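This report concerns the salt bridges of the structure shown below.

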Amino acid sequence: MAISLSTIPFLFFYSLPMLVMKKWILPAELTVIFLFALPTVFFYLMATDQLFQLPFSIGRLKYLGLFALFPSFFIMIVYNQWIHHSSKWAELVVLFSIVYIIVLATFYIKEWLDRKWRTKLRMQKHFYEESLYRISEQLKKQRTVEGAMYCLEKELQEILDVEKIKVIQSIDEPLPFEYNEAYWANIVKKINGAPLSIGRVMEHRSLFVMFIGSFRQTPLWLVGKKKHPLSFRTEQKDWLSTIVYYTSMTIENMLKVEDLLKELDRLKEKEHSILFTRLMFQWSERERKKLAIDLHDTLLQDLILLRRKVENLLVQPLCVEDIQKQLNDIDEEILDIIDVTREICHELRPPFLSQMGLKQAISQLIDRFHLRTNIKVKWNVHIQAKLGEEQELAMYRIIQELLNNAVKHSQASTIQLVFDAQDEAVQLRYVDDGVGIEMEKLNDHHGNLGLFGIKERVQGLGGTCKIASSHGSGLEITVTIPL
């Protein structure tokens with residue numbers, strides 16, 4: 001715009017009229033003034049840090065200017081030979097300049113119209129970029145290979161001008177639709193003569209084929225039949241290769257996840273699944289410990305600091321009694337938040353296990369249980385053997401889960417806990433007078449996640465968990481873990 005604004009007045013109102021008519025429209029002194037627009041605009045670009053766009057604009061001007069040369073020469077020759085013949089070089093130069101500027105401006109206008117109107121003049125499904133985004137979102141939702149293949153076939157049917165698209169497992173068998181055998185033989189020859197590559201498009205006349213990948217020693221091929229025997233354009237091939245590669249990666253990841261789940265199930269059914277279960281619980285405890293440390297070092301410290309600030313305000317003489325009352329209320333709320341946060345930290349990682357021992361940790365757990373429930377807990381702990389950290393933490397978690405389960409489901413008024421740690425094993429006996437549970441429903445862990453987690457934890461330590469109960473007669477659980 002700056003170049004046009006600075007040069008067009010001089011060219012069209014002085015130079016060209018002087019060459020053609022020997023007379024200017026505007027004097028040179030007036031048209032030259034517009035040349036000052038060029039340094040002014042460049043100064044503006046430098047001041048606003050937009051000068052980096054200049055190389056791109058110049059490069060595009062060179063590109064379009066080169067293409068404008070050929071139609072400009074052709075139009076000038078046609079006009080000079082058949083419309084208005086002239087042998088004067090000055091007139092020819094003026095004619096070429098005018099035509100060249102018009103053609104160049106036409107290219108720029110076409111670019112602007114393409115950016116502005118192509119989304120309205122062409123259907124959305126023909127934009128390959130949007131197609132890639134659309135199918136990637138659809139593939140995320142798929143859980144089977146058949147579902148991924150359906151998404152691929154559906155997307156290709158919508159975008160490409162094809163009659164049939166199918167996924168096959170062997171190129172040596174007949175295709176599942178009518179086709180020209182000679183065309184297909186030509187494609188098979190190309191496949192056998194080149195190494196397999198995922199996403200490579202091989203076509204001959206109306207047929208095309210692409211290799212999706214080999215999954216569990218089963219190859220998958222995408223074959224299709226076009227409506228017209230025309231080769232795919234470059235952008236179509238690029239889009240096809242990308243969309244097939246997306247699908248191949250999705251299927252591969254899907255099968256890996258499926259194999260991993262099967263391996264986990266296999267480990268749980270074997271004898272050494274104890275090690276696997278123990279590993280899972282150790283990982284869970286490590287995450288609990290990390291979360292407890294994070295809460296203690298961030299949220300709790302911030303709240304304590306906030307309380308100290310409020311204390312400083314309380315000792316200052318305040319004239320307004322309402323403000324004093326509000327500050328007292330805020331102080332009480334902050335104390336409550338601190339207590340709740342500390343309680344969460346204790347639930348996640350009981351500090352008494354490492355600081356005061358398992359017996360004191362159980363005592364603190366039961367005291368907090370009494371504060372929030374009306375259930376009476378009668379407990380007796382005998383620890384005559386040295387427990388490892390893993391056994392201590394496991395027993396604490398089991399007691400914690402049993403008490404939580406009692407609050408949620410048992411409707412009990414009294415709980416008896418007996419904990420005995422000898423040299424060979426640790427035994428915990430839990431008895432309540434609640435509503436109990438039907439033993440037939442015990443294996444349905446969807447409704448008994450607490451008891452199910454206890455059994456898994458005990459099995460992970462090589463112990464046993466015996467449960468005796470019936471509807472309306474309470475619950476009795478005996479946990480034994482070897483040392």
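This is a predicted model: local features need pLDDT of at least 70, side-chain atom pairs count only at pLDDT 80 or more; totals for chains, interfaces and linings use all residues.

Lys-226 belongs to strand β4 (residues 218-226) and Glu-203 to strand β2 (residues 201-204), so the pair ties together parts that are 23 residues apart in sequence.

Both of these partners fall under the 20% limit for a buried residue: Lys-226 has a relative accessibility of 4%, and Glu-203 has a relative accessible area of 11%.

## A bridge between a loop and a helix

Arg-216 and Glu-258 form a salt bridge through their side chains, at 3.5 Å from N to O. This pair links distant parts of the chain, 42 residues apart: Arg-216 is in the loop between β3 (207-215) and β4, while Glu-258 is in helix α9 (residues 234-269).

Arg-216 is partly exposed, at 43% relative accessibility. Glu-258 is also classed as partly exposed, with a relative accessible area of 30%.

## The pair Glu-235 and Arg-233

A further salt bridge connects the side chains of Glu-235 and Arg-233, with an N to O distance of 2.7 Å. Glu-235 is partly exposed, its relative accessible area being 38%. Arg-233 is likewise partly exposed, with a value of 45%.

## Overall count

Across the whole structure, a search finds ten salt bridges.

How values were computed:
Residues are numbered from 1 along each chain as its sequence is written. Side-chain values use heavy atoms; hydrogens and water are left out. A salt bridge is a side-chain nitrogen of Lys or Arg within 4 Å of a carboxyl oxygen of Asp or Glu. Helices (H or I, at least four residues) and strands (E, at least two) are DSSP runs, numbered from the N terminus. Buried means under 20% relative accessible area, exposed over 50%, partly exposed in between (1.4 Å probe, protein chains only).
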